[in-house]
Amino acid sequence: MKSVERFGREGVRGHTHAFMQAAGNAVTLTRGHFLQTDLHDREVANRRLAQTNLKLRAALTEQQLLVDEIDHRVKNNLQMVTSLIVMQRRSSGNPVIREALTSMLARVEALGLMQRRLYQSGDLARFDLTEFCRELANELYAAASRPELQLQLDLDSVTVPAELAPPLALIANEIVTNALKHAFAAGRAGTLAISLHQEAGWLRLTVADDGVGIDAAHATDADVCNIDGESASFGRLLVESLGKQLRASVEWSHAAPGTRVQLSMPVANTSAAADTR
Amino acid sequence: MSARPPLRILIVEDEAPLAMQLEAFLTDAGHEVVGWATSSSEAMEMYQRTRPDLAFIDLHLADGNTGLDVAREIRASDHSMVVFITANVSMVPEDFAGAIGVIGKPYSLQGIGSALKYLHEGIVAPPPEGVLPRSLTLAPDYRERWSHPRQ
């Protein structure tokens, strides 16, 4: 007679336990009816486990399809917004309105690039700030059509939680666009240097130019944004508000020559954001 | 606009603002837009009638996810080139249904502009002179034939 090991009904609690029993060594019994009862219990538990697994797989597939669909709609809607801005700009004969729409287009396009890169990476929780900055800078530089200017990029590998991506994307767009637009008079050669570093607990994004300097650049900016009596620079206000949202500091300083804008944010801020997900 | 002859282009897109903007952009760049179709049947009818050099096709059209079918049918005739413009880049099959490549939405004006310039060069006198822009992903066979370092 074989040795006895009995699986009592009391011991079979839920799928996990049943699975462990089913996956264990062969069971030996002394009495036939125990064998029948135990085998029956395990078969039922295994069937339930298989059904649960099927349901979980189906739910996961459905969730992935929903995420894909939302991603698709967000991208399409962003494209729709840019299309409307472009068409409105095309039909306007007013240079001030055209200029304002061009700035707005750049902001929406920056958000579009952010969305595209976020889903491209396959990791929806983290945003590759480095690759975003590289693509954004190259795109804005190419769009400026200023071959007399040089673009220098010095970018550490930095990722941030996905929820920080929109404000960071908008700030980066604003300060790079501002430099390309206002730092260099037409035909003036110069360098635009963009750096991204993460060191000693700080994330720092710096945009420095050797152009006309902060005072002259701001005078121009205020003029451009003077729509319906609104004389303040909307771009600068936007950057400062987004900086506050990020609990980051944004400093505009003289670079002698030129202007230096630096966003500084404790890396702990990015970790804290990740923890609250 | 370079000295290259302009392209005759068919737009297959079910969203009106997107098609409007693309048409305006292509026209401003000196190309001829031969038509705008919103469904697969309309696309094939326009294709047969106009025989364009290039068709920009969205994957999702007014009659469902039929963009791939339109592309395969157009490519079967071997007359026109196809480029997908879609927010669903991952749905483009490995063989790209015979298309040159795909432009992901949302694209910027700069992005579509550099892609168009590259495509223009490649279609009129392959391989393209310029470097492959980030906004355009080439199908494997075109990547081989048109290979240049990425911008």
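Visitor: How are helix 3 of chain A and helix 5 of chain A oriented to each other?
Guide: This is a predicted model, in which local features need pLDDT of at least 70, side-chain atom pairs count only at pLDDT 80 or more, and totals for chains, interfaces and linings use all residues. Residues are numbered from 1 along each chain as its sequence is written, while chains are lettered from A and ligands numbered from 1 in the order in which they are written. Helix 3 (residues 95-120) and helix 5 (residues 165-182) of chain A pack at an angle of about 135°, with their axes 9 Å apart; axes are lines fitted to C-alpha atoms, for helices over the stretch in contact, and angles run from 0 to 180 degrees between N-to-C directions. Angles under 35 degrees count as roughly parallel, over 145 as roughly antiparallel, 65 to 115 as roughly perpendicular and the rest as oblique, and helix 3 of chain A and helix 5 of chain A are therefore oblique.

Visitor: Is B:A97 buried or exposed?
Guide: B:A97, which is not a glycine, has a positive phi of about 50°, whereas most residues other than glycine have a negative phi. A residue is buried if 20 or more other C-beta atoms, placed from the backbone, lie within 10 Å of its own, exposed if 12 or fewer, and partly exposed in between. With 21 other C-beta atoms within 10 Å, B:A97 is therefore buried.

Visitor: Which class does B:R51 fall into, with 14 other C-beta atoms within 10 Å?
Guide: B:R51 likewise has a positive phi, of about 45°, although it is not a glycine. Because 14 other C-beta atoms lie within 10 Å, B:R51 is partly exposed.

Terms used: Helices (H or I, at least four residues) and strands (E, at least two) are DSSP runs, numbered from the N terminus.
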